[in-house]
Amino acid sequence: MNNIYINIKDVAEAKGLKSTRSLRLELNKSESKYISREVTVNGGTSYEILFSSLEPELQDKLRKNEKKSNKSIQFNYRRYFERTIQ
C-alpha cells in the first residue's frame, strides 16, 4: 500500500470528523503533515491523501474497515448467487 491514495471523505470518516473541511485546510498549508493530490471530479476538484503519510493508527483503522467491507460484499454476493442458482 505504498503509493495508494485514499479519498478525503474516507479519511475524514475514519478520523470521526463530520466534514472534510478541517482536512482540506490542513492539506492547503505549506507545511502539511499529509501528502496529497487534487483529483478532478464532476463538480470540480477533490483531494486524495497518500496512505503512507497517514498516522499509523489511522492506517490500521482504514485497513480494518476495508476488510469488513470486502467481507460483507463477498457474503452478499455469495447469498445472491446461491438464490439465483436454486
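## A walk through the salt bridges and the sheet

The structure holds four salt bridges, a salt bridge being a side-chain nitrogen of Lys or Arg within 4 Å of a carboxyl oxygen of Asp or Glu. Before you click around: this is a predicted model, where local features need pLDDT of at least 70, side-chain atom pairs count only at pLDDT 80 or more, and totals for chains, interfaces and linings use all residues. Residues are numbered from 1 along each chain as its sequence is written, and side-chain values use heavy atoms, with hydrogens and water left out.

**Stop 1: Lys33 and Glu55.** Select this pair and you'll find a salt bridge whose closest N and O atoms are 3.3 Å apart. Lys33 sits in the loop between helix H2 (21–27) and S2, while Glu55 sits in the loop between S3 and helix H3 (56–85), so the pair ties together parts that are 22 residues apart in sequence. (Helices are DSSP runs of H or I with at least four residues, strands are E runs with at least two, and both are numbered from the N terminus.) Lys33 is exposed, at 52% relative accessible area, whereas Glu55 is partly exposed, at 22%. Here, buried means under 20% relative accessible area, exposed over 50%, and partly exposed in between (1.4 Å probe, protein chains only).

**Stop 2: the sheet.** Now show the strands: three of them form an open, antiparallel sheet in the order S1-S3-S2. Two strands pair if DSSP finds at least two bridges between them. S1 (5–7) and S2 (36–41) are at the edges with a single partner strand each, so one side of each has no neighbour in the sheet. From one strand to the next, the twist averages 40 degrees.

Zoom in on S1 and S3 (residues 44–50), which are joined by three bridges. Pick Ile6, and look for its bridge partner in S3, Ile49. Axes are lines fitted to C-alpha atoms, for helices over the stretch in contact, and angles run from 0 to 180 degrees between N-to-C directions.

**Stop 3: Arg37 and Glu48.** Which strands does this salt bridge link? Its closest N and O atoms are 2.7 Å apart, and it links Arg37 in strand S2 with Glu48 in strand S3, eleven residues apart. Arg37 is partly exposed at 40% relative accessibility, but Glu48 is buried at 18%.
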